[in-house]
Amino acid sequence: MTTVRKRARRYLQRLALAAAALLVLMADGGISGDELQCELAVDHLLTCCPELGTVGVSCVRSGCGGAMVPDLDESRADCLRSASCEQLRALGVCEVATWEPRPSCLPPCMAKVPRCQ
Amino acid sequence: MFAGEASSVAAAPLPNAPVASPAEAKSDPAPADDPPVVVEVQPSPRRARWFGTLRAGAAYRWALRESLVGGVFEGELGAQDHRLAGGVRLRVEAGKMRAGLPYQVVTIGPSLWLPPIADRLRVGMGLEAGAFLLSRRSDPGAVMWTVAWGGRLDAAVDLARVGTTGGVYFAVNVAAQALTAAPFPVTVVTGAAFGYRP
């Protein structure tokens, strides 16, 4: 009986350890595709337009069910990344005054993003 | 890669040639003009000693469908006998994605070095788990991160002896890791490094 209890205890300990390890693996923040594309677009933007200094663009996805999404969606981020610095300057991206409100942003919306077509 | 291997020692041509054992000495005394005797010195396989090494080098990584280039620093601590060496390896990699974002990878895991497969050439392997971190450009100081775990293969060739047991060596490696939450779930890394073992 004692042996059976010991075995059961060991089994439960291993199970708890495995569950803890799984929770650690599942609990990481993760890198989502839209966050990555947004960050890469911001990097390209700041490389082409160093006068911007910092951009008021959030690339964070968080909240329950992804309630908070990056200001630059993937298509806009792709567009910005594929444009050369000369093209971005020609589009007026380096001037914050030409930026437009984020399309999916509900009023009152303060977030503005660069135009890209 | 590491010391303590079986070695052949050619005895010097002494006036009285070396003798393998006291028993032989009594039963078969060697004449003074015999050729030098080769004595096989076999260290005890049970004798384990500390094993430690440090490496620094460069790495190319493919992750998140992008190329990343960085520097690597690795340290291993464990035990060795005359054939095997193993222990725990800590690996720190830092660099920059070619597309621009800085990244860091920190892993830890068990490692094992096998007996030599050729003169001065050894291969090893290991498991590793840790974190892959990508710095944000929109929020300096913040990072995105995910868990990374996988395996690796190493090869090392001794370059020069340092002191009585130490040495400098050159090592290459290739590794594959799974990323638990990333746009592409696999990363592959290869690298080259110079190492030192005391």
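This report describes the disulfides, the nonpolar cores and a nonpolar surface patch of a predicted model.

## Basis of the description

The model is predicted, and local features need pLDDT of at least 70, side-chain atom pairs count only at pLDDT 80 or more, while totals for chains, interfaces and linings use all residues. Residues are numbered from 1 along each chain as its sequence is written, chains are lettered from A and ligands numbered from 1 in the order in which they are written, and side-chain values use heavy atoms, with hydrogens and water left out.

## Disulfides in chain A

Over all chains, the structure holds 4 disulfides, a disulfide being a pair of cysteine sulfur atoms within 2.5 Å. One of them joins A:Cys38 and A:Cys59, whose sulfur atoms are 2.0 Å apart, and this link is left-handed, with -65 degrees about the S-S bond. A:Cys38 lies in helix α2 (residues 33–48) of chain A and A:Cys59 in the loop between α2 and α3 (74–82) of chain A, so the pair ties together parts that are 21 residues apart in sequence. Helices (H or I, at least four residues) and strands (E, at least two) are DSSP runs, numbered from the N terminus. A:Cys38 is buried at 0% relative accessibility, and A:Cys59 is buried with a relative accessible area of 0%; buried means under 20% relative accessible area, exposed over 50%, and partly exposed in between (1.4 Å probe, protein chains only).

Another disulfide connects A:Cys49 with A:Cys94, at an S to S distance of 1.8 Å, and it is left-handed because the torsion about its S-S bond is about -55 degrees. Since A:Cys49 lies in the loop between α2 and α3 of chain A, and A:Cys94 in the loop between α4 (85–91) and β1 (100–101) of chain A, the pair ties together parts that are 45 residues apart in sequence. A:Cys49 counts as buried at 0% relative accessibility, and A:Cys94 counts as buried at 10%.

A:Cys79 and A:Cys116 also form a disulfide, with sulfur atoms 1.9 Å apart, and a torsion of about -80 degrees makes this link left-handed. A:Cys79 lies in helix α3 of chain A and A:Cys116 in the segment after β2 (112–113) of chain A, so parts that are 37 residues apart in sequence are tied together. Both cysteines are buried, A:Cys79 with a relative accessible area of 17% and A:Cys116 with 15%.

## Nonpolar cores

A nonpolar core is a set of buried Ala, Val, Leu, Ile, Met, Phe, Trp, Tyr and Cys residues joined through side-chain atoms within 4.5 Å. The largest one has 22 residues, of which A:Val42, A:Val55, A:Val57 and A:Leu72 touch the most other members. Helices α2 and α3 of chain A each supply at least two residues of this core, and the largest share, 6 residues, comes from α2(A).

Apart from this core lies another, of 15 residues, among them A:Leu36, B:Ala63, B:Phe132 and B:Met144. Leaving aside its neighbours within four places in sequence, A:Val55 is in contact (heavy atoms within 4.5 Å) with A:Val42, A:Leu45, A:Leu46, A:Trp99 and B:Ser138.

## A nonpolar patch on chain B

A nonpolar surface patch of about 750 Å² is made by residues including B:Tyr60, B:Trp62, B:Leu112 and B:Val188. Accessible areas come from the Shrake-Rupley method with a 1.4 Å probe, and for residues only the protein chains shown count as cover.

Strands β3 (49–63) and β10 (186–197) of chain B each supply at least two residues of the patch. B:Leu112 lies in strand β6 (residues 102–113) of chain B and is partly exposed, with a relative accessible area of 33%.

Conventions: Patch = residues over 30% accessible without salt bridge, like charges linked within 9 Å, V, L, I, M, F, W, Y side chains within 5 Å. Salt bridge = Lys/Arg side-chain N within 4 Å of Asp/Glu carboxyl O.
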